[in-house]
Amino acid sequence: MAAPRMGVTEWSMLILLSVLWGGAFLFSKVAVTELAPFTVVLGRVGLGALALLLVVHAMGQRMPTAGRAWGPFFVMGALNNVIPFSLIFWGQTHIASGLAAIINATTPLFAVILAHFLTGDERMTGNRLTGVLFGFAGVAAMIGPAALIDGFGLNILAQAAILGAALCYASAGIFGRRFRGMPPLVIAAGQVTASALMILPIALLVDHPWNNALPSPTIWMAVAGLALLSTTAAYILYFRILATAGATNVALVTFLIPISALLFGATLLHERIEPRQIAGMALIGLGLMVLDGRPLMALRRASAIRS
């Protein structure tokens, strides 16, 4: 069977998906200026869950009713939403949104390492090891040697938090294998709904949102953007691309998210990206290309044609 191909429609959808997920770093950076991180997580997954459940119902699908079916949703929700969102939103109170997106792009690197130890069919290869080494060299370049000299301040801890989020996303990818055969939108709605149920008591106990002033309209718009655009619309688009172009092709979005996040941060938030961060992004991008394999194969074919 021939591998799914990427046409103009699929590439357009992939670019739009990268904008939606890259925009999440913009929305969250704005939201945490007035809201505590757990409250932002609650807003994102709470509104997102409601919207996704409505979409599931509108498409004639049904959510599981058996209690045992919801256990995996809670695990997936913790790994894919509650923990990484909380880490990213806290991290963005100390570092730029573009930098957070670059560090978050290390998710496939962690996935390769975890898959080697936790699965039987995705072992480490020479190319994968090379890609991982390039990627983590990029992380080291972004953090810089100052961490060894000046110690681990909030800026370094914030970057470590984003790395922790990437590790959670990679773990969720491994755990998500058990949902094979279940409608993708049901998986999305189930995990986001479970996330909302988990984060609600945490946000109430830790953030005490009733003690805070009512957020400005800009903050409400940022939270709505997180929930409706970067969660609901992004999941729908993701699964549409997955169905038509396959998992390997949809994974290319990893290359594009930092670009859109950097553009949003620079143009709308006036964030400055340092040269070492650009160098780090280049190394991470090189590592991802080695992992993916196709860009290098295309270069070899082009070289063979010229010769």
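Here are some friendly notes on this predicted model, taken point by point.

1. A word on the ground rules. The model is predicted, with local features needing pLDDT of at least 70 and side-chain atom pairs counting only at pLDDT 80 or more, while totals for chains, interfaces and linings use all residues. Residues are numbered from 1 along each chain as its sequence is written, and side-chain values use heavy atoms, with hydrogens and water left out.

2. Let us start with a helix pair. Helix 6 (residues 126-143) packs with helix 13 (residues 275-292) at about 170 degrees, and their axes lie 7 Å apart. Helices here are DSSP runs (H or I, at least four residues), numbered from the N terminus. Axes are lines fitted to C-alpha atoms over the stretch in contact, and angles run from 0 to 180 degrees between N-to-C directions. The two helices are therefore roughly antiparallel, a label used for angles over 145 degrees. Their contact residues divide into 13 nonpolar, eight polar and two charged.

3. Glutamine 277 belongs to helix 13. Glutamine 277 is buried, with a relative accessible area of 7%; buried means under 20%, exposed over 50% and partly exposed in between (1.4 Å probe, protein chains only). Not counting residues up to four places away in sequence, glutamine 277 touches Leu99, Ile102, Met142 and Arg272, where contact means heavy atoms within 4.5 Å.

4. Helix 5 (residues 107-118) is worth a look next. From first C-alpha to last, its twelve residues reach 16 Å, close to the 16 Å expected at 1.5 Å a residue; the expected span is 1.5 Å times one less than the number of residues. Which residues of helix 5 are buried? They are Thr107, Leu109, Phe110, Val112, Leu114, Ala115 and His116. The cover over these buried residues includes helix 4 (97-104), helix 6, helix 8 (154-175) and helix 13.

5. On to the core. The largest nonpolar core has 80 residues, and Phe89 and Ile241 have the most contacts inside it. Such a core is a set of buried Ala, Val, Leu, Ile, Met, Phe, Trp, Tyr and Cys residues joined through side-chain atoms within 4.5 Å. Beyond four places in sequence, phenylalanine 89 touches Ser28, Val32, Pro37, Val40, Val41, Arg44 and Leu226.

6. Asparagine 81 sits in helix 3 (residues 67-91) and counts as buried at 2% relative accessibility. Leaving aside neighbours within four places in sequence, its contacts include Val45, Gln191, Val192, Ser195 and Tyr235.

7. Alanine 233, in helix 10 (residues 217-245), is partly exposed at 27% relative accessible area.

8. Finally, two backbone angles to check. Most residues other than glycine have a negative phi. Histidine 208 has a positive phi near 45 degrees; this residue lies in the loop between helix 9 (184-207) and helix 10 and is partly exposed at 32% relative accessibility. Histidine 270 also has a positive phi, about 55 degrees. Histidine 270 is in the loop between helix 12 (253-268) and helix 13, and at 67% relative accessibility it counts as exposed.

Technical notes
Parallel < 35°, antiparallel > 145°, perpendicular 65-115°, else oblique. Nonpolar A, V, L, I, M, F, W, Y, C, P; charged D, E, K, R; others polar.
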